[in-house]
Amino acid sequence: MQFGYSEACLDHDTGDRHPETADRLRAIRQQLARRHGVEYVDADPASVDAVRAVHDDGYVADLREFCDEGGGNWDPDTVASTGTWDAALTSAGLAQWAAERALAGDDGRNTPFSVGRPPGHHAVEADAMGFCFFNNAAVAAQAVIDAGDADRVAIFDWDVHHGNGTQDIFEDSGDVFYASIHERGLYPGTGDVDETGVGDGEGTTLNVPLSAGAGDADFLAAFETIAAAIERFDPDLFLVSAGFDAHRHDPISRMRVSTEGYALLTDRVREATDAVDAGLGFVLEGGYGLDTLSESIATVHETFDGRAPVEDDGDPTDDTIELLDDVRSIHGLD
């Protein structure tokens with residue numbers, strides 16, 4: 001794979017005890033150094049205009065001033081420093097790079113993966129939250145649509161937390177399909193199955209809130225339903241908001257996805273992308289166990305480098321089966 005990376009993302013300083021630290025990127029780099037065929041690309045930061053295309057002008061101005069004045073706690077969870085403004089623009093720019101390269105035809109071993117921070121999927125139109133300042137995947141999706149490079153974009157979010165920000169930004173848009181698998185009841189408490197979009201975006205939001213303890217078989221079954229909806233949507237670009245905090249050993253969730261489970265999800269995503277002849281790119285979101293985060297990303301890379309994942313022989317739980325029946329009924333996928 002090609003990995004978008006910039007040292008500027010290390011300058012977002014969240015302090016000594018915050019789970020979202022620069023050590024996440026360092027751990028990823030160290031793990032990938034042991035793998036074959038890794039390429040790094042530094043991309044230009046996103047422009048302020050690109051960020052304003054999905055975020056409120058006043059919020060963007062307030063964030064810049066907050067960082068210029070030294071930063072601090074934007075809210076109890078979301079911490080900024082003097083380096084956060086440049087890091088956030090850079091992280092959004094790396095996501096744009098991934099989208100642009102995917103649409104340009106980079107695939108297979110050249111599939112783009114944006115490894116930036118701060119993450120983005122909790123950032124709503126007019127606020128930062130959940131460690132996120134700019135919604136990187138949203139900036140990337142809107143930028144390629146505005147440039148005329150794509151008419152329709154699908155964003156699949158496999159982070160353990162619901163990407164409320166991405167849903168908020170695109171809930172009334174018919175150009176972007178947002179699908180999320182997440183742990184029910186976990187922060188930020190959004191992402192119910194009946195949240196399906198509004199206005200022109202009705203039907204372009206699909207949520208699968210799995211019960212705590214869900215594992216590989218549950219996630220794979222959930223993605224099978226999502227893949228059917230995305231095939232119907234027929235996007236030009238497929239972006240994965242790739243958080244790895246549903247891993248069974250991640251410190252802040254109760255899910256049971258294995259490292260191999262991420263390889264299987266990657267393989268299914270690749271198949272779904274091929275089915276609609278779309279470009280495919282990945283954008284880093286969460287994942288807070290340094291070993292599990294870095295090993296999972298290395299496994300995604302190896303899946304594109306030719307390693308066949310080991311199939312899961314488990315079955316989804318009855319709760320997951322019932323939930324997916326509801327999702328398919330709501331979205332007319334029966």
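Me: Where is aspartate 312 found, in terms of helix H9 and H10?
Reply: This is a predicted model, with local features needing pLDDT of at least 70, side-chain atom pairs counting only at pLDDT 80 or more, and totals for chains, interfaces and linings using all residues. Residues are numbered from 1 along each chain as its sequence is written, and side-chain values use heavy atoms, leaving out hydrogens and water. Helices are DSSP runs of H or I with at least four residues, numbered from the N terminus. Aspartate 312 sits in the loop between helix H9 (290–304) and H10.

Me: What does aspartate 312 contact beyond its neighbours within four places in sequence?
Reply: The C-alpha atoms of aspartate 312 and aspartate 216 are 7.1 Å apart, although 96 residues separate the two along the chain. Taking contact as heavy atoms within 4.5 Å, the partners of aspartate 312 are Asp216, Ala217, Leu220 and Leu264.

Me: How do the axes of H7 and H10 run, roughly parallel or roughly antiparallel?
Reply: Axes are lines fitted to C-alpha atoms, for helices over the stretch in contact, with angles from 0 to 180 degrees between N-to-C directions. Those of H7 (residues 216–233) and H10 (residues 318–330) come within 10 Å and cross at roughly 10°. Angles under 35 degrees count as roughly parallel, so H7 and H10 are roughly parallel.

Me: Which residues of H10 make the contact with H7?
Reply: On the H7 side, it's Asp218, Ala221, Ala222 and Thr225. The H10 side supplies Thr320, Leu324, Val327 and Arg328.

Me: How many residues of H7 are buried?
Reply: H7 has 18 residues and reaches 25 Å from its first C-alpha to its last, close to the 26 Å expected at 1.5 Å a residue, where the expected span is 1.5 Å times one less than the number of residues. Buried means under 20% relative accessible area (1.4 Å probe, protein chains only). H7 is largely enclosed by the rest of the structure, because its buried residues number 14 of the 18.

Me: What is the phi of the aspartate just after H8?
Reply: H8 (residues 259–276) reaches 27 Å from its first C-alpha to its last. Just after H8 comes aspartate 277, with a positive phi of about 55°.

Me: Why is the sulfur of cysteine 67 too far for a bond with the closest cysteine sulfur?
Reply: A disulfide is a pair of cysteine sulfur atoms within 2.5 Å, and a search of the whole structure finds zero. For cysteine 67, the closest cysteine sulfur is in cysteine 9, and that is too far for a bond because the distance is 13 Å.

How values were computed
Helix = DSSP H or I, 4+ residues; strand = E, 2+ residues; numbered from the N terminus. Parallel < 35°, antiparallel > 145°, perpendicular 65-115°, else oblique. Buried < 20%, exposed > 50% of the residue type's maximum accessible area, 1.4 Å probe, protein only.
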